[in-house]
Amino acid sequence: MALNTVTPKRLCDAHYITNAYATAYTVPASTKAIVKALVLCNTDTSARTVSIRVVPSGETAADEHCIFKDLSIAAKTTYHVGDMSMVLEADEDVDVIADTTNKVTIRLSGVEIA
């Protein structure tokens, strides 16, 4: 039996979210990923909302894939979800959108299993 290679890593480096859905992370082919932590930081002086969806390979992105929908993040606040164990399959996408471009950042950490 072959052993799997488990690689802890930043699944997506911190970057600003735009006001149109964009892919923050795609699981590589022949790989599974486990998201262990999610960090959202609102750098603005006003509250902002964020939506995040996990879209399975081959499916059309839609609200049915949302894990957060219009999550409100207070001004100058960091929202942290640690101790996650969200398993993602090969070619799944994590898509994000904010109500205003370049005001909220996202970072994902976890492991990839090949």
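Cys41 has a relative accessible area of 23%, so it counts as partly exposed; here buried means under 20% relative accessible area, exposed means over 50%, and partly exposed is in between, using a 1.4 Å probe and protein chains only. Before we go on, note that this is a predicted model, where local features need pLDDT of at least 70, side-chain atom pairs count only at pLDDT 80 or more, and totals for chains, interfaces and linings use all residues. Residues are numbered from 1 along each chain as its sequence is written, and side-chain values use heavy atoms, with hydrogens and water left out.

Back to the cysteines. A disulfide is a covalent bond between the sulfur atoms of two cysteines, and here a pair counts if the sulfur atoms are within 2.5 Å. How many disulfides does the structure hold? The count is zero. For Cys41, the closest cysteine sulfur belongs to Cys12 and sits 13 Å away, which is too far for a bond. Cys66 has its closest cysteine sulfur in Cys12 as well, at 17 Å, so that is too far for a bond too. Cys66 is partly exposed, at 23% relative accessibility.

Now for the strands. These are DSSP runs (E, at least two residues; helices are H or I, at least four), numbered from the N terminus. Strands of a sheet pair through backbone hydrogen bonds, either parallel or antiparallel. Here, two strands pair if DSSP finds at least two bridges between them.

Look for an open sheet of four strands in the order S2-S8-S4-S5, with antiparallel pairing. At its edges are S2 and S5 (66-73), each pairing on one side only. On average, neighbouring strands of this sheet are turned by 20° against each other, direction ignored; the axes are lines fitted to C-alpha atoms (for helices, over the stretch in contact), and angles run from 0 to 180 degrees between N-to-C directions.

Let's step across it. S2 (residues 22-26) meets S8 (residues 93-98) over four bridges, with Ala22 opposite Val96. S8 also pairs with S4 (residues 48-55), this time over six bridges, and there Arg53 stands opposite Asp95. S4 then joins S5 over five bridges, where Arg48 faces Ile73.

Arg53 has something else to show you: it lies over the face of Tyr21, at 3.4 Å from the ring centre. A charge sits over a ring if NZ of Lys or CZ of Arg is within 6 Å of the ring centre and within 35 degrees of the ring normal.

What about rings meeting rings? Rings of Phe, Tyr and Trp (its six-membered ring) pair if their centres lie within 6.5 Å; planes under 30 degrees apart count as stacked, over 60 as edge-to-face and the rest as tilted. By this rule there is one aromatic pair. The rings of Phe68 and Tyr79 have centres 6.0 Å apart and planes at 85°, so they are edge-to-face. This pair links distant parts of the chain, with Phe68 in S5 and Tyr79 in S6 (residues 78-81), 11 residues apart. Phe68 is buried at 19% relative accessibility, whereas Tyr79 is partly exposed at 28%.

Finally, find S9 (residues 104-113). Seven of its 10 residues are buried, so the strand is largely enclosed by the rest of the structure. S9 pairs antiparallel with S1 (residues 6-16) over eight bridges, and 10 bridges join S9 to S3 (residues 32-42), also antiparallel.
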